[in-house]
Amino acid sequence: MTQDLWGGRYRESAVWVETAQALIATTELRPGMRVLDIGSAGGGTLFPAFDRIGPTGSIVGIEVEEDWVEWLRKEISRRAIGSAEILLMDGRSMSFPDVSFDAVIVGLVGLDNDYDFDTDRILNDAPLMRETFRVLKPGCTLYTSNWLWQEDNEWMGELVRRRLPDCTKRGYFAGTGEGYVRLLEFAGFKEIRLAHFEGTYTYENPAEWAACVAYMWEEEIERIKADPETLSSFERDAFELLAGHVDSEGKVAYTRSAILVTARRPLA
Ligand SMILES: C[S@@+](CC[C@H](N)C(=O)[O-])C[C@H]1O[C@@H](n2cnc3c(N)ncnc32)[C@H](O)[C@@H]1O
């Protein structure tokens, strides 16, 4: 995880914190439940979920990035939470037995291995959602969320495409309601409900904006950073693109929307 201008800041960003809290606010988590949080990262969904299930419940967070696992373990011990556990594990192939959890949370995790939201196609037999279905108890609920299309990420994606023509990543995998319904029905879920969350945020300046959104292209940006000349012209281009969106005080404001989805594993 980069820690300079090009990353590392989003962990503290209100955008993530509030959207994660909005997902947890839609849940029916109750004290004593056993909950799985897939893609825990900085604990945006894990900690508010823990607040709902309390010390009589238990929560397992899984994450594929080692530095997040390490960071979260420290944070859990700093908060002295005894009933939370963090594992380095991929949600597409989990080691938990079938029907292990009373609820599963998949907050702001890209589903680009399961579904192509551009062409509305199921990919690879939808491994993440099928695994999620498998570990959830019958009659219990999945809570998941994703960003909807967002202008500033598109400017950044455009920049990456211009600078790195061989980069095939679209850079931003926005969900759509129709896509979620198709994907979740494919995985076996029923009673799929969609809601929206919207927040307006202001970055103090373009550099702060860049620090908050650039993580999406971390790998590509590492390659750009390897050459100082490429990096400085990349930054020039980025801030030029942004200039059209900066207000008279030099701040960058935008509205961000997310889709919040609940789906039930049927009893039979
Ligand atoms: C943006 S964070 C979301 C954090 C938190 N759930 C929230 O809503 O604030 C998504 C995290 O999911 C992790 N992730 C993506 N795919 C995953 C998978 N298949 N299994 C486990 N973690 C995954 C990523 O490494 C990333 O850290």
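Biologist: Where does Ser83 lie?

Modeller: Keep in mind that this is a predicted model. Ser83 is in a loop, the one between α3 (66-78) and β3 (84-88).

Biologist: Okay, is Ser83 buried or exposed?

Modeller: Buried, because its relative accessible area is 19% and the cut-off for buried is under 20%.

Biologist: What does the side chain of Ser83 reach?

Modeller: The backbone oxygen of Gly57, at 3.4 Å.

Biologist: And which residues does Ser83 touch, not counting those up to four places away in sequence?

Modeller: Gly57 again, along with Phe50, Gly54, Pro55, Ser58 and Ile59.

Biologist: Switching to Ile259. Which strand is that in?

Modeller: Ile259 belongs to β9, which covers residues 252-264.

Biologist: Is Ile259 buried or exposed?

Modeller: Ile259 is buried, with a relative accessible area of 1%.

Biologist: What is Ile259 in contact with, leaving aside neighbours within four places in sequence?

Modeller: The list includes Thr144, Ser145, Asn146 and Leu148, then Thr176, Gly177 and Tyr180, and also Leu194, Ala195 and His196. Take Thr176: it sits 83 residues from Ile259 along the chain, yet their C-alpha atoms are separated by 7.6 Å.

Biologist: Zooming out, how many of the contacts in the protein join residues at least 24 apart?

Modeller: 81%, counting contacts between residues at least 6 apart in sequence.

Biologist: How many helices and strands are there, and what share of the residues is buried?

Modeller: Nine helices and nine strands. Of the 268 residues, 51% count as buried. The accessible surface is about 12,400 Å², and carbon and sulfur atoms account for 49% of that.

Biologist: Now the ligand. Which residues come nearest?

Modeller: Thr45, Glu63, Asp90, Gly91 and Gly107, out of 18 residues around the ligand.

Biologist: How do those 18 residues divide into nonpolar, polar and charged?

Modeller: Eight are nonpolar, six polar and four charged.

Biologist: What does Glu63 do there, in terms of polar atoms?

Modeller: One of its polar side-chain atoms is 2.5 Å from a ligand oxygen. On the nitrogen side, a backbone N or O atom of Gly91 is 2.8 Å from a ligand nitrogen, and a polar backbone atom of Gly39 is 2.9 Å from a nitrogen atom of the ligand.

Biologist: How much of the ligand's accessible area does the protein cover?

Modeller: 87% of the 600 Å² that the ligand has on its own.

Terms used
Residues numbered from 1 in each chain as written. Predicted model: local features only at pLDDT ≥ 70, side-chain atom pairs only at ≥ 80, totals over all residues. Heavy atoms only, no water. Helix = DSSP H or I, 4+ residues; strand = E, 2+ residues; numbered from the N terminus. Buried < 20%, exposed > 50% of the residue type's maximum accessible area, 1.4 Å probe, protein only. Polar contact = N/O pair within 3.5 Å; in protein donor to acceptor, adjacent residues only side chain to side chain. Contact = heavy atoms within 4.5 Å. Areas by Shrake-Rupley, 256 points an atom, 1.4 Å probe, with all protein chains shown as cover. Near = heavy atom within 4 Å. Nonpolar A, V, L, I, M, F, W, Y, C, P; charged D, E, K, R; others polar.
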